[in-house]
Amino acid sequence: MSAAATGSTALLRLDKVVKRFKTGAGTVHALDGVSFFIRRGETLGLVGESGCGKSTAARLVMDLYQPTSGTVYFDGEDIAQADKAAKKARRARLQMVFQDPYSSLNPRNRVGRTLEEPLIIHARGARKERHERVAWLLERVGLKADAAERYPHEFSGGQRQRIGIARALALRPDLIVCDEAVSALDVSIRAQILNLLLDLRQDYQVAYLFISHDLAIVRHMSDRVAVMYLGKIVELASRDDLWRQPRHPYTRALMAAIPCVHPGRKRKEPLPLQGDPPSPLNPPPGCRFQSRCPFTEARCREEEPPLQARADEHWVACHRAE
């Protein structure tokens, strides 16, 4: 049974999803058999190095990419098989907050127009009701109602990200994909945005797919965490279980790299990782992590470890996880 199969009644479910891109240099193996699920009102953190496939997974969830194989289910339905009307209805329930808060906003539109547009497309209320909704959204994310008359370039990066969150909330979605939504912000604004997302989840039971390379932020935000390496999930567990007992060598290496700000607290012993990740154009046979793992043995080079449960909802893809 896969990690996705155990969440067959979940809001979002990816089942053995593969995504490959043809390039002049060869075939990029962006995702290879990725499975996970998100329950209603839950936050799943997705972490890993740059280039591991996190953003590709986000775009598959948003139906911006089509999977090479495998299936993405939203509320039990295969999103690739939906007709035009069903896709439009699903877009109202599935929104995204992008990494760059400036390029994701139309510079020619005032903020009020940007926030009103999804309401117009999905026929939500008369003009007066839409304007009231826009004012409410701006207030909910900590901005004044008169911000509706200004253009994106008139705001700071943190304010623009708040506008992006307000746009994602306009239709009261069931799931919001946050793709490195706070990585471009300074520390004080980042904390405000994260706390805002947590408040919105509590108030409206919004589920999040929270993508980041920063484990400290993921620990603060997530209920469960999936760790990706070179297009595959190598570990998936609840946040507390993962931090208490990481079982995959790559997860342990990531956690050991987190700066320790408490002088009296003992740091996790770092693992001696060697070299850089292999190219996704030519992933190694067997375990994807075998070229950098200090515990590699002959079996790791020949046989790919399956993602399987080692404890209650703690999934690991490692021959030595036991």
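How much space lies in the largest cavity?

1. The model is a predicted one, and its largest cavity holds about 80 Å³ of space. With a cut-off of 30 Å³ or more, the count is three cavities.

2. Sorted by class, the lining comprises eight nonpolar, four polar and one charged residues.

3. Now for the sheet. It is open and built from eight strands with mixed pairing, and the order reads E6-E7-E8-E3-E9-E10-E12-E11. Strand E6 (94-97) and strand E11 (308-311) are at the edges with a single partner strand each, so one side of each has no neighbour in the sheet. From one strand to the next, the twist averages 25 degrees.

4. Strand E3 (residues 43-47) and strand E9 (residues 224-229) run parallel and are joined by four bridges. Leu-44 has Arg-224 in E9 as its bridge partner.

5. Two helices to check against the sheet come next. Helix H1 (residues 54-61) packs on it and touches E3, E6, strand E7 (175-179), strand E8 (207-211) and E9. The direction of H1 makes about 150 degrees with that of E7.

6. Helix H6 (residues 187-204) also packs on the sheet, where it touches E3, E7 and E8. Relative to the direction of E8, that of H6 makes about 155 degrees.

Key:
Residues are numbered from 1 along each chain as its sequence is written. This is a predicted model: local features need pLDDT of at least 70, side-chain atom pairs count only at pLDDT 80 or more; totals for chains, interfaces and linings use all residues. Side-chain values use heavy atoms; hydrogens and water are left out. On a 1 Å grid over the protein atoms alone, a cavity is a set of points where a 1.4 Å probe fits but cannot get out, and a pocket is an open set with protein on both sides within 12 Å along at least five of seven lines; lining residues have an atom within 4 Å of a point. Grid points are joined across faces, edges and corners, and a volume is the space filled by probe spheres set on the points. Ala, Val, Leu, Ile, Met, Phe, Trp, Tyr, Cys and Pro count as nonpolar, Asp, Glu, Lys and Arg as charged, and the others, Gly among them, as polar. Two strands pair if DSSP finds at least two bridges between them. Axes are lines fitted to C-alpha atoms, for helices over the stretch in contact, and angles run from 0 to 180 degrees between N-to-C directions. Contact means heavy atoms within 4.5 Å.
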